[in-house]
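The sequence and coordinates are shown first.

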Amino acid sequence: MQQRRTRRSRIPDKPNYSLNLWSIMKNCIGKDLSRIPMPVNFNEPLSMLQRLTEDLEYSELLDRAARCDSSLEQMGLVAAFSVSSYSTTVHRTAKPFNPLLGETYELDRLEEYGYRSISEQVSHHPPAAAHHVASERGWTLWQHITIDSKFRGKYISVMPLGNIHLQFYSSGNHYVWSKVTSTVHNIIVGKLWIDQSGDIDIVNTTTKDTCRLKFSPYSYFSREVPRKVTGVVEDGEGTAHYILSGTWDDKMESAKIVESSQGCGGSEGKQKTVYQTLQPKLLWKKYPLPDNAENMHYFSTLALTLNELEEGVAPTDSRLRPDQRLMEAGLWDEANIEKQRLEDRQRLERKRREVQANQVLEEVQDIEGYQPVWFEKRTDENTGEASYMYRGGYWEAKERQDWSHCPEIF
């Protein structure tokens, strides 16, 4: 049998560079952060495409969900999966690299975990990425996410816009949900820290089961557990079947409801529903961080492997991005020079496309005149929204090592 390859378990320690964040940020209040050139000192050596792929760290939750006979139990595991993608963010206050237009990232984990993932940066302003994952263990996941980030003075809020879709092969169950707002606090003074807040509404469009997850914002005065997440799984008729509870940085549990009754004491005089449940069962638990994680950008075991060089990937792959590689190696001054070069080049390329687009305006679909290589715009039949979907062909091109369609971006 073929030996499974050994993945790397460490990267060079982060150098100790100090930089005054306020000196750069004071001119950015209320602005869209994707338009502001930032030195790599605020980054971590991963691109946004790699961060999207990192959502798959707990893909075994979806493998388990694919084997569920009950759609309501399946919903609980899908909900736990949607929470698990935040678990690595608790210490990760640095920003990922904003990918160049046409940049791609593949993750082939067929041997280890049964899935292959491909993502592509499909728009630069606003920054948008499309992502497609196919698993041999019974599911497909795809998403088209646009990031809207604003600096508010004391904090930065990052709002991912767009839906995540997940379909199971055997049941045909199709789930749709979107992400919550992430907020980075203490931009000016103190230690940076991150919080997740808002609601995630997961809908099984096939059975109409729903689950609303509530991410409670951190409050200094609250007695609640920090980073708390709660949710209720309901069937298509609105009957509650499971209570979900936990925290986004540690674990999620599910308790089956055996009886519900109307209690008093709800807000604004409304009656509150009181549920009696069985003992909760653990759905998901966070893996411990690797040794020395605090010196390696607090990367998880999976994150440490994402930028590892691989043979045969597309020439547009994030692993080959020179400024990101230099930054990972600790050569930050060189990385900043290289980042400036790539961004200038991208600006020139955009201007060139705009000139061309103006010349042939009647033939152009996008004002940018840019067409992604691996994804195409389609209307989603479930949500009615236009989003970028995988058109296929990436893995076949990799097999042939035919990258003639790829733009030269680095």
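Are lysine 179 and aspartate 55 buried or exposed? The model is a predicted one, and in it lysine 179 is buried, as is aspartate 55.

Lysine 179 and aspartate 55 form a salt bridge, with 2.8 Å between the closest N and O atoms. The two residues belong to distant parts of the chain, 124 residues apart. Lysine 179 sits in the loop between β9 (174-177) and β10 (181-185), and aspartate 55 in the loop between α2 (48-53) and α3 (60-66).

A salt bridge also joins glutamate 106 to lysine 398, where the closest N and O atoms are 2.9 Å apart. Because glutamate 106 lies in strand β3 (residues 104-109) and lysine 398 in helix α9 (residues 394-400), this pair ties together parts that are 292 residues apart in sequence. Both ends of the pair are covered: glutamate 106 is buried, and lysine 398 is buried too.

Aspartate 201 and arginine 212 form a salt bridge through their side chains, at 2.7 Å from N to O. Aspartate 201 is in strand β11 (residues 193-204) and arginine 212 in strand β12 (residues 210-215), 11 residues apart. How accessible are they? Aspartate 201 has 37% relative accessibility, so it counts as partly exposed. Arginine 212 is also partly exposed, with a relative accessible area of 47%.

For the model, the count comes to 32 salt bridges.

## Helix α4

Helix α4 covers residues 71-84, which is 14 residues. At 1.5 Å a residue the helix should span 20 Å, and its end C-alpha atoms are 20 Å apart, so the two values agree. Of the 14 residues in α4, 13 are buried.

At the start of α4, serine 70 makes a contact with the backbone: a side-chain oxygen of this residue comes within 3.2 Å of the backbone nitrogen of leucine 72.

Which way do strands β6 and β7 pair? Strand β6 (residues 139-151) and strand β7 (residues 156-161) are antiparallel, with six bridges between them. Four residues lie between the strands of this hairpin, in which glycine 153 has a positive phi near 105 degrees.

Strand β7 is also joined to β10 by three bridges, and these two strands run antiparallel.

## The chain as a whole

The secondary structure consists of nine helices and 19 strands. Along its principal axes, the C-alpha trace spans about 65 × 55 × 50 Å. A compact globule of 410 residues would have a radius of gyration near 22 Å; the chain has 22 Å, so it agrees with that expectation.

Of the 410 residues, 50% count as buried. Contacts between residues at least 6 apart in sequence include 57% that join residues at least 24 apart. The salt bridge of glutamate 106 and lysine 398 is one example of a link across the sequence, with its partners 292 residues apart.

Conventions
Residues are numbered from 1 along each chain as its sequence is written. This is a predicted model: local features need pLDDT of at least 70, side-chain atom pairs count only at pLDDT 80 or more; totals for chains, interfaces and linings use all residues. Side-chain values use heavy atoms; hydrogens and water are left out. A salt bridge is a side-chain nitrogen of Lys or Arg within 4 Å of a carboxyl oxygen of Asp or Glu. Buried means under 20% relative accessible area, exposed over 50%, partly exposed in between (1.4 Å probe, protein chains only). The expected span of a helix is 1.5 Å times one less than its number of residues. A polar contact is a pair of N or O atoms within 3.5 Å; within protein, one must be able to donate a hydrogen and the other to accept it, and residues adjacent in sequence count only if both atoms are side-chain atoms. Two strands pair if DSSP finds at least two bridges between them. The radius of gyration is taken over C-alpha atoms; the globule rule is 2.2 Å times the number of residues to the power 0.38. Contact means heavy atoms within 4.5 Å.
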